[in-house]
Amino acid sequence: MSFNSDASSPSTSAATTTRDWIFPSYSFIHSPQNVHRTARRRRFSSYRHPPPQFNSAAASFQQRTAGDDSKSDSSAISRSRRRHFEFGNYEKSTRLLDDGLDGDGGEGIMSNDDAVSSEKFQLKEAKVMETEKNFSGFLRGRLRVRWQLAFTVAILITVFSSLIHKNFSLHKEVTELQDKISKLNVSLKLCNLLDSIDIHNSSPEDIPVDDLRSKSLKIAALAVSIMLLSLPFFFLKYVDYVSNSRRLLENNSEEVSLNKQLAYRVDVFLSVTPYAKPLALLVATLLLICLGGLALYGVTDDSLADSLWLSWTYVADSGNHANSEGIGPRLVSVSISFGGMLIFAMMLGLVSDAISEKFDSLRKGRSEVVERNHTLILGWSDKLGSLLNQLAIANESLGGGTVVVMAERDKEEMELDIAKMEFDFRGTSVICRSGSPLILADLKKVSVSKARAIIVLAEDGNADQSDARALRTVLSLTGVKEGLRGHIVVELSDLDNEVLVKLVGGELVETVVAHDVIGRLMIQCARQPGLAQIWEDILGFENCEFYIKRWPQLDGMQFEDVLISFPEAIPCGVKVASRGGKIILNPEDSYVLQEGDEVLVIAEDDDTYSPSDLPTVWRGNLPKDEVIQKSFERILLCGWRRDMEDMIMVLDAFLADGSELWMFNEVPEKERERKLTDGGLDIDRLVNIKLVNREGNAVIRRHLESLPLESFDSILILADESVEDSAIQADSRSLATLLLIRDIQAKRLPYREALVSQVHRGSFSQGSWIGEMQQASDKSVIISEILDPRTKNLLSMSKISDYVLSNELVSMALAMVAEDRQINDVLEELFAEEGNELHIRGADLYLHEGEELSFYELLLRARQRREIVIGYRLADTEKAVINPTAKNERRKWSLKDVFVGRLGQETRALRKMSLYQYYGLAALVVGS
C-alpha cells in the first residue's frame, strides 16, 4: 500500500535521507487528523513501492530506529534489518486502522482503552529493537575475525605454492642439466674409444640409440629391484590368505596354519643347523648388495659393476652415502645404508653371542678335556681336598701331573673351593668340569677312555643311596665304547654292597669300603695308642708307602736274605707270579723268589731304593717268649655309626671274657636292638662282652656326669651319623664331647698319686686345665674320629687325645690304590679281621737291657717270631720313624725306650699296651 502525495506533514524535510521506502508510524496512523484522509484498501492485494515523499511521522520513526546505528549506516545488514521491522510495523498499523474503522461505523475516533494498548505496544517494540541491536553488533564482530583469518590463510597458501613451484622448477632444471652431462659423458667415452681407430667414422645418430638402450636397462634393473623387494611381502600375504582359506574350507580350528608351519620349519632349521645364523646373515648381505646395486644402476649413470661395488661400500660403511646427489640416488643409498646398519647390528649380535657362549662354556666347564694318562675324579665330597693333596705329592717326583675333577656342581664354585684348600699342588694341574658321571657324553668330555685311573667318590648322606649311585656310575663307565685304559677305584660306604659292585665292574674295579675300615681301625687305635699316626705315615705319600717292583737279580734268593738286601727299604711281602700275581705278606723265611716274582717294600719313593750286596748280620737269640694275657676291660662308645654291629663283633673277638661295652648315644634302646639285628648281629651270641645301653646327649655335661667316666679303659668318640654329612659340625661335636669327658675325669681322678704324674709331657704346667686333662689321659685312652684335617691341629697341640682322621685316611687309601691298584690287596689284608696287620710290640721281647744292635739285627730277631719290624719311636720323640736309614749302624737300646708289638695269628687278640709304654720307643711290625 502507498500513501497519497498530498498528505501534509511537518517532517517533509526527511526526504533527504538515503532510505527509499518509509512506512508511517503507529501514532501517525491513529492520529485523528489523518483518519478521514486515509482510504481503506485491500491488504496486500497489490503492493507497490511508495513514492520518494516522506511525511513527518515517517521521518520521526526513521530517526528513532536509526539513532543508535548512525556509526554503521554503510552496513547492508543493518539496512535490511530496519526495512524488515519497518515493514512489520506498517502492516500492524494498517490492520489496527482497518479494525478501528470497521468497529465504530466509520467515525474514526479511538477509545481510551485503545490509547493505553498503543502505549504498551510501543514499549514492547522498543525492547525488541534493543535486542536486535545487540545481536547485530555481535554478528559484525564474528564476521570481521573470519575475514582476517581467511586473508591470512590465503597469503600462506600463496607463499607455499610459490615455494613448491620454485622447488619443482629447480628440480627440473637439475634433471635437465644431469641429462645433458650424461649425454656429454657418453659422447666423451665414445670419442675416447674411437679416437684410436677413426673418429670421423663415428655416427652421431648412434649415440641416442645407445643412450636409449642404457636407459631401458636401468629402468628394467630398477623395476627388478623393486619387484624383488616387494616379493616377500606378497609371499607372506599369500601364505596368510592360503591359511585362512584352508581353515574356512576345512572348518577345522585345530589344524595348524601354514604360516605357523613355515615359522616352525625356520625355527627348526636355525636350531638344528650348526651354522644357520651366519649362513642366513651371509645370504641377507649378498641379497642387499645385489638389490642395492641394481637400484643404484637404475638411478645413476654408473655401470653395473660400479653400482655393485658402491652398494657394498654403503653396506660396509653407512656414511658413504653422504656424497650422493639427486633424489633417486639419495633415496637408494639411504635405504642400502639402513639395511647395512641392520646387517652390521645382527653380525655384532652373532659375534657377541658366539664369544659369550664360548666363554660361558669355558666358565661352566662344558669344554672337552684333551689329556692322556690323567687321574679322573668323579664326584665331590669332603675327602676331595685330602685326595688332591696326596695325588699332588705322588706326582711330585714326575714333575707334576694332571687331575680332572667332574661333579654336578658349577665349575667356578669347584675352582673356588679348591683354591681355598691350604696345600701346595707341587706342579700338579687340577682341571674342573661340570657334568654327570651317569651321562656318557659328559664322560667322553673328560677323556675317560684315556685316563690312567678313575676314582669314584661316595656322596655324603645315606649309605645305600651313595652306593647305588656308585653302582650306576660303574655301569656307565663300563659302557664306554672306546674302552677304559685305566682301572676304577670305587669308594663304598657299606661292605655288603662290595660284591655287587665288583660283579658289575669285573676286573676293572677296585673297591675301598671306607666306613667299615675306619671302624675297625678305631678299635685298633683305641687298644694301641699311636697306631693312628703310624697308619697316617704309611698310607700317605709324604713319608714312606708301599711299592711293588720286580728285581731279577733277587731270583733264587730266600726271603730272609731279601729282608737285609735293601738299605733304603723294608721288604714286607712277595707277589707270586706262579699263583696269578697274588701278594703274600710276611712269607716264610725259606721262600725262594722265582722268575717273575715281585717284591713288596715300604720305601720313601719308587726310585729311591734298590738291592745291594748282602751284609753280615748277627742274628742272636730272643730274650724271652711272649705271653699274651687277656684282662677284663671296660670300653665306652659315644655316638652311633652305621657299622656299629661290625665294631661290636670285632671287640667281642679281641676282648677278654667278662668285658663291658657301654654304648652312649641318643638312639632309644629298643631302636638300637632293632638296628643291630637288622645289621646281622645276634646279641645273644656275644661271648666275651656285655652290652650296657645308656641314652643321652654326648655334648650335655649332666648326661656325661651320669656315666662312670673314670672307670673306662678306652673311650671312642664316634662321628655320629646324624651329623656326619657335615665335617665341621661332626668335629665340633666330637671336640665338645672330648673336652667335657676330660674335664669330668680331671675332677674325679687322684692325679698326684698317678703313676706318670712326674713324666714331663709338653710345655703345659701341671696346674693348668690342659695339664690336668693330660694327667687324666694317662688313666684312660680316648680316640676321637675326626673328619676335617684342620681339626687335628687342635688335638695334636693339646695332647689330650689320640685321633683318627677318617676322611684323610680314606683319601690316602684311595690315592694309593689309584696310583697302583695292587696295593689294594695289601690294604685289604691289613684292615681285615684275619691275617697280617700293624701292631705295636714291647722292646723287651727282642733285646736285653743296654744291648747294642743294628736295625738289621732287630729284623732278623723279629723273624724268629715270624714278624717284620718296620720302624720305631724313641721315648723323647713324638713321631715314629718308619723305614729308618743306616740300618747297618749299631746303637744302644734301652728297655724303657723301646716298644714293639705284633698280632698273633693263633689267638687273633690285640695285646693291650700300657700307657707308660706308649710314651716310650715303639717298634712297628707286620705280624701274622
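The model is predicted. The protein has 28 helices and 22 strands. It runs to 928 residues, and 45% of them count as buried.

**Overall picture**

- The accessible surface of the protein comes to about 49,900 Å². Carbon and sulfur atoms hold 55% of that surface.

**Helix α8 against helix α9**

- Helix α8 covers residues 276-299, and helix α9 covers residues 304-316.
- The two helices pack at an angle of about 125°, and their axes are 8 Å apart. That angle makes α8 oblique to α9.
- The crossing of α8 with α9 is right-handed.
- From α8, the contact takes in Thr285, Leu288, Ile289, Cys290, Gly292, Gly293, Leu294, Leu296 and Tyr297. From α9, the partners are Leu304, Ser307, Leu308, Leu310, Ser311, Trp312, Tyr314 and Val315.
- Twelve residues of this contact of α8 with α9 are nonpolar, five are polar and none is charged.

**Helix α9 against helix α10**

- Helix α10 spans residues 327-364.
- Helices α9 and α10 pack at an angle of about 50°, with 7 Å between their axes. This pair, too, is oblique.
- α9 and α10 also make a right-handed crossing.
- On the α9 side, Ser311, Tyr314 and Val315 make the contact.
- The contact of α9 with α10 has three nonpolar residues, four polar ones and no charged ones.

**Arginine 366**

- Arginine 366 sits in the loop that runs from α10 to β1, a strand of residues 375-378.
- Arginine 366 counts as partly exposed, because its relative accessibility is 43%.
- Leaving out residues up to four places away in sequence, arginine 366 touches Asp360, Ser361, Arg433 and Lys445.
- Lysine 445 is 79 residues from arginine 366 in sequence. In space, their C-alpha atoms are 7.8 Å apart.

**Alanine 818**

- Alanine 818 belongs to helix α25, residues 806-819.
- Its relative accessible area is 2%, so alanine 818 is buried.
- Beyond four places in sequence, the contacts of alanine 818 are Arg452, Ala453, Ile455, His487 and Val489.
- Arginine 452 lies 366 residues from alanine 818 along the chain. The C-alpha atoms of the two are separated by 8.5 Å.

**Glutamate 857**

- Glutamate 857 is found in helix α27, which covers residues 855-862.
- Glutamate 857 has a relative accessible area of 4%, so this residue is buried.
- Neighbours up to four places away in sequence aside, glutamate 857 touches Val617, Trp618, Arg619, Glu852 and Arg890.

Key
Residues are numbered from 1 along each chain as its sequence is written. This is a predicted model: local features need pLDDT of at least 70, side-chain atom pairs count only at pLDDT 80 or more; totals for chains, interfaces and linings use all residues. Side-chain values use heavy atoms; hydrogens and water are left out. Helices (H or I, at least four residues) and strands (E, at least two) are DSSP runs, numbered from the N terminus. Buried means under 20% relative accessible area, exposed over 50%, partly exposed in between (1.4 Å probe, protein chains only). Accessible areas come from the Shrake-Rupley method with a 1.4 Å probe; for residues, only the protein chains shown count as cover. Contact means heavy atoms within 4.5 Å. Axes are lines fitted to C-alpha atoms, for helices over the stretch in contact, and angles run from 0 to 180 degrees between N-to-C directions. Angles under 35 degrees count as roughly parallel, over 145 as roughly antiparallel, 65 to 115 as roughly perpendicular and the rest as oblique. A crossing is left-handed if the near helix is turned anticlockwise from the far one by less than a right angle, and right-handed if clockwise. Ala, Val, Leu, Ile, Met, Phe, Trp, Tyr, Cys and Pro count as nonpolar, Asp, Glu, Lys and Arg as charged, and the others, Gly among them, as polar.
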